[in-house]
Amino acid sequence: MSNRRFALIALVVAIGIIAASLTIKNAYFFTAAYAVLVFVILSTAWNILGGYTGYVNFGVPAFFAIGAYTTVFLHQLLTAPLFVNVVAGTVMAGLAGLGVGYLTLRLRGVFFAIATLALAVVMLTFVVNWTYVGGARGAYVITPREVPFGMESWKHYLYVVMVLLATLATVVARMLERSTIGRGLAAIRDDELAAECAGVPTLRLKLLAATASGALMGMAGTTTPYFYAYVEPTSVFNLSYAVNSIAMPVIGGMTSWVGPLIGAVLLGTLQQIVQVTISSNLNLLITGLLLVLFVTLAPNGILGWVDAWKRRRKR
Amino acid sequence: MAEPLLRASGVTKHFGGFYALDNVDLEVGQGERLGLIGPNGSGKTTLVNCITGTLRHDAGTVRFDGRDISQLPTHGRIRLGLARSFQIPKPFASMSVVDNLRVPLLYAASAHAGAARISERQSRDEAMAILREVGLEAKAEERSGGLTQVDMRKLELARAIAARPKLLISDEAMAGLSSSEVDDIIALLLKMKARGVAVIMIEHIMRAVMKFSERVAVLDAGKKIADGTPQEVVANPDVQRAYLGE
C-alpha cells in the first residue's frame, strides 16, 4: 500500500473515531482515552529509535517534558494558541533529539541507554530550577472560556486533537519504516558494522531517527498542560512515561508500526480500567508483570506471535 | 602509467606497542585478481579493515580509483566502489535473504550509479538475479538469521556483489567449506572478472589461492614479505620460512 493511500485510510479511521466520540456523554471517557492516546504517540515515537534502529532510549520523559514545557513557556510569554504550541514543542523536542543524538549515538548498547537516562535527570533539574515556567511549584495553563469549533468541552476538543496527532505519528512511523531509510535503520539494528560496509551512512540515519523520535515524543507532550490545566515537574518527568513507552512496543512488537499501536491501546486501556475498578497504584505493576511475561514468553511481542502462528498454519 | 585501482602505501597500524601492520604497500589494478595470504595473525584482516575504513590506520595513505580515501568514513568508501565480505558472516538477521541484498543495492550501488539511481522495485529484481547466480534463489524469502553456515557465506559474498563494487575483498569466504563448495565460490569469484571487478581474495586454502590468483601477496607479522605470481611466491624461501618455520 502506498504512503498516500495509507495516510488517507488512517485519516478516515481517525475521523470515524472522532465522529463516534460525539455520541459519548461521559466526560471521564475523554480523560481515559487521552491518556491512552498519549501512549500511542509516545510508544510509536520510541519505536522509531528503539524498535527500528535498536537504540533503547530511557529519556522519554525528557522529550515529553520539552513538549509540555514549550507550551507552558509560550503560554506565559504570549498566550500562544494551541496550534503554535504543538508545532513549537515538536520542533524543540526534535532539535533536542538531534543534539542528544549527536552527543550520544556514538555510544552503543547499554551506554546509550544510560546516557538517555541521565538526560531525563538533567532536564528535570533544569526545569525545577527555572522559575519562569513555575519551577518545582508547577505552572497553570488556563484554557479560554470558549471551546474551539463549538465543541462541548476542552477535554473533548483535546481528545480530537490527540486522535489527529496520533494518526500523524503513525503515518510518519510507517512511512519511515517502509522507505529506503527504514531498510537502513533495520540494517543498523541487525549489525551496525555490516550496515556501514553496505554503504549505509549509519550516523546520519541514527541522527534522523533520533530527531523524528524526539519530535514525536515532544508532540505528545504539547497538549498536556491544556488538558490538566496544571503542570509540575514530577508528574511530567514521571518514570511511568519511560517504562510504558518501552513496554508497549515490546508487548506489541517492535519491527513494525502496528506493534506500538497494539501495545499502547491494549496496555493503556487495561491500565485505565484497572485504575477505575481496582486501584490506581497497580498501573506500573501490571506493566512490569506483562513486560516480564512477554520478554520471557514472546520476545517478539504480539506481532511476532501472530507471525509464528501464520507460519505454522502454512505448513 | 595509469594509477592502479587501489594503492595502499606505507600503511601502518599499531595497537599500543604491537605493530599489526608495519609500512605495508599493496596495489591492485583494474580487474586484477589478487590473493592475499599469510599465517594467522599476520595482519590480513587488519589491512582490509584499514582499506575499508573500519579501522583508522596510523600512517600511510590509501588511494582508490584516483583519490585519497584515507579520511573518508567506511560508508563513503563503500559508495565509491569498494566492497567486502566478513570472515565471520554478519547477516542482517531479521531480514529475508533477498532484503539483505537490497540494502547495499539501495545505498552503495545507487550512490555510484549516478543519475540511474536504483528504485525499490529494481533493487528486488537485481537482488534476485544475484541470488540466482550464487545459488540462494530458493531461499530468497527465508530469514537470513536461520541460514546454514555455507549459505551464510554465500550470502556474505552476494551482499558484497550487490554493492556493484569495482574492488571486492573476500575475507576467508571459504573457511570450513567442503571441496565442492570451495569450487562453487571460486567459480563465483572468477565470474566477477568477467564484470571487470577486481578481487582481493584472503584465504588459507592454498588450492583456491593458486587456482584463482593472478598475483599473490604474502603478509607475515605485519610486513609484506613477498608479492608476485603464485609460482614465484610459493618458491620464495621467505614465504616457506613464514609458513613452515626454519
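Visitor: Is B:Y243 buried, exposed or partly exposed?
Guide: This is a predicted model, where local features need pLDDT of at least 70, side-chain atom pairs count only at pLDDT 80 or more, and totals for chains, interfaces and linings use all residues. Residues are numbered from 1 along each chain as its sequence is written, with chains lettered from A and ligands numbered from 1 in the order in which they are written. Buried takes 20 or more other C-beta atoms (placed from the backbone) within 10 Å of a residue's own, exposed takes 12 or fewer, and partly exposed is in between. B:Y243 has 14, so call it partly exposed.

Visitor: Which strands stand at the edges of the sheet in chain B?
Guide: Four strands make an open antiparallel sheet, ordered β2-β1-β4-β5 in chain B. Strands are DSSP E runs of at least two residues, helices are H or I runs of at least four, both numbered from the N terminus, and strands pair if DSSP finds at least two bridges between them. Two strands have a single partner each, so one side of each lacks a neighbour in the sheet: β2 (18-28) and β5 (67-68) of chain B.

Visitor: What is the bridge partner of B:F64 in β5(B)?
Guide: Strand β4 (residues 59-64) of chain B runs antiparallel to β5(B), and two bridges join them. For B:F64, the partner in β5(B) is B:R67.

Visitor: Which element gives the largest share of the side of chain B that touches chain A?
Guide: The contact (C-beta atoms, placed from the backbone, within 7 Å) takes 17 residues from chain A and 23 from chain B. On chain B's side, α2 (74-80) and α3 (97-112) give two or more residues. The largest share, seven residues, comes from α3(B).

How values were computed: Two residues are in contact if their C-beta atoms, placed from the backbone, lie within 7 Å.
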